Amino acid sequence: MLHDPNRIYIFDTTLRDGEQVPGSQLTTPEKLIIGEALESLGVDVIEAGFPISSPGDFTSVVELSKLVREPVICALTRANKGDIDCAAEALKHAKRPRIHTGIGSSDTHIKYKFNSTREAILERAVEAVKYAKTFVEDIEFYAEDAGRADNEYLARMIEAVIAAGATVVNIPDTNGYCLPEQYGAKIRFLKENVKNIDKAIISVHCHNDLGLATANSIAGLQNGARQVECTINGIGERAGNTSLEEVVMILKTHASVGLHTHINTKQLYPISGMVSRMMRMPVQPNKAIVGRNAFAHSSGIHQDGVLKHRENYEIMNPEDVGIDQSEIILTARSGRHALKHHLERLGYTIDRIDLNQVYQRFLELADIKKELKDDDLLQLMGAKIEENFKNGLAINTLQVKTGDQESPVATIRLNYNGVEHAATAVGNGPVSATIKAIEEIIGKHVEIKEFNIHSIHGGSDDVSKVDMRVVYDDKSYMGYGFSTDIVRASANAYLDALNKFI
């Protein structure tokens with residue numbers, strides 16, 4: 001039945017099991033948007049809903065059946081004719097329809113949920129599969145609570161439903177009970193003891209009540225299952241379902257396992273964000289693969305290691321999951337290597353900087369602010385230019401006179417290489433006059449190509465950030481300046497750019 005015995009089929013149930021989270025229900029248009037994204041991601045099966053449960057679910061299955069062309073569209077039912085009739089009707093427009101029907105298989109469910117017997121439940125299971133088979137060819141059977149089911153009885157049930165026409169047999173650890181070795185052994189038992197098991201694909205469907213959903217799913221795949229049922233971000237009832245992105249990246253990272261999927265992993269991070277926003281379920285920062293901190297480093301030791309060689313602390317390329325690059329977070333625990341990395345990224349030439357001086361002031365600021373952003377670094381570099389730059393240009397005093405009836409005049413005193421220089425110039429405006437005065441001191445004309453002013457604080461203590469791009473000797477340099485006075489901020493930005501090449 002399997003053309004590629006090492007291919008793992010991805011059955012996504014974000015729109016069915018994943019949506020069973022209080023407060024996270026989706027409208028039909030939202031389900032269609034996610035459905036298209038899942039198709040683009042490369043999932044093999046989309047479980048679109050439980051049609052009998054509500055008119056909204058029925059409509060969603062109908063509309064997804066019309067929209068999606070490549071993946072199988074699956075509809076869930078219980079083991080009764082009414083559910084199956086409803087699912088078959090909802091799937092009429094599907095290019096590749098599947099009915100997913102089933103019943104409890106553990107003695108707990110048989111006794112306390114159905115008030116029945118093993119034999120009666122077995123009969124209902126076979127009847128449901130046979131009836132569903134009259135509508136569509138592709139039938140998946142779920143043996144609910146298989147994780148706690150007696151293996152001998154479970155094997156009898158699976159053999160019977162395959163004989164009745166099931167093409168996929170789902171072995172759910174419905175309550176997230178199993179340990180990985182237990183669940184893997186259960187799948188292996190079925191592979192070895194169900195005579196017609198080669199006629200169907202074994203599917204794993206694990207819940208995360210003990211935090212073992214992904215581990216159990218991988219154990220199942222290693223023991224013969226070839227379909228895994230999962231959700232984006234691991235969302236789902238109670239503690240959630242197996243996380244799609246975790247399973248996919250485990251198989252990609254551990255190529256030696258010999259199993260692979262057809263998932264376009266570069267779309268994992270974008271679809272994670274989409275599902276999180278639409279379902280109003282924030283992704284925890286430390287979530288594997290797609291969490292905000294999954295590729296972020298704040299420890300100085302880790303930062304140094306990853307900057308020297310990424311694989312020291314990263315087993316995956318962030319680009320492989322759709323993240324542009326690793327993030328080096330600047331905190332009081334960061335070392336000189338991380339600070340150097342960010343300063344170079346912002347355009348500073350390290351051999352022109354007194355890195356030790358900057359680092360000490362960086363640590364003082366980091367203790368106060370906890371985490372530093374680019375603006376903090378730029379302000380740090382612009383605040384004490386002479387200290388930051390070896391032989392740097394720095395303002396000692398700046399005085400600007402302007403009025404309605406006279407041209408602005410700027411007088412500036414600059415410290416350069418331990419010597420104070422002074423100049424006065426007239427300009428079209430106060431910034432122009434200041435720039436001309438600086439040019440008179442340095443004896444060079446440096447063309448300003450871009451000039452932008454931003455406010456970075458609100459209220460009476462508003463601070464202006466000026467960024468400018470200058471061109472000298474056919475090369476561009478960015479400069480940044482900060483001050484409560486726009487003219488002073490502009491002068492600081494100009495000097496910041498000059499210090500990168502003078």
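Ile158 touches Ala143, Val169, Ile171, Leu190, Val194 and Ile197, leaving aside residues up to four places away in sequence; a contact here is heavy atoms within 4.5 Å. This is a predicted model, where local features need pLDDT of at least 70, side-chain atom pairs count only at pLDDT 80 or more, and totals for chains, interfaces and linings use all residues. Residues are numbered from 1 along each chain as its sequence is written, and side-chain values use heavy atoms, with hydrogens and water left out.

Ile158 and Leu221 have the most contacts inside the largest nonpolar core, a set of 88 residues. Such a core is made of buried Ala, Val, Leu, Ile, Met, Phe, Trp, Tyr and Cys residues joined through side-chain atoms within 4.5 Å, with buried meaning under 20% relative accessible area (1.4 Å probe, protein chains only). Helix α6 gives the most to this core, with 8 residues; helices are DSSP runs (H or I, at least four residues), numbered from the N terminus. Domain 1 and domain 2 both give residues to this core, so it lies between them. There's also a second, separate core of 24 residues, with Ile442, Met468, Val470 and Leu498 among them.

The domain bounds come from an automatic or database domain assignment:

| Domain | Residues |
|---|---|
| Domain 1 | 9–279 |
| Domain 2 | 296–372 |
| Domain 3 | 390–498 |

The C-alpha centres of domain 1 and domain 3 sit 65 Å apart.

Thr214, Ser217, Ile218 and Leu221 of α8 meet Glu246, Val247, Ile250 and Leu251 of α9.

Notes:
Buried means under 20% relative accessible area, exposed over 50%, partly exposed in between (1.4 Å probe, protein chains only). Helices (H or I, at least four residues) and strands (E, at least two) are DSSP runs, numbered from the N terminus.
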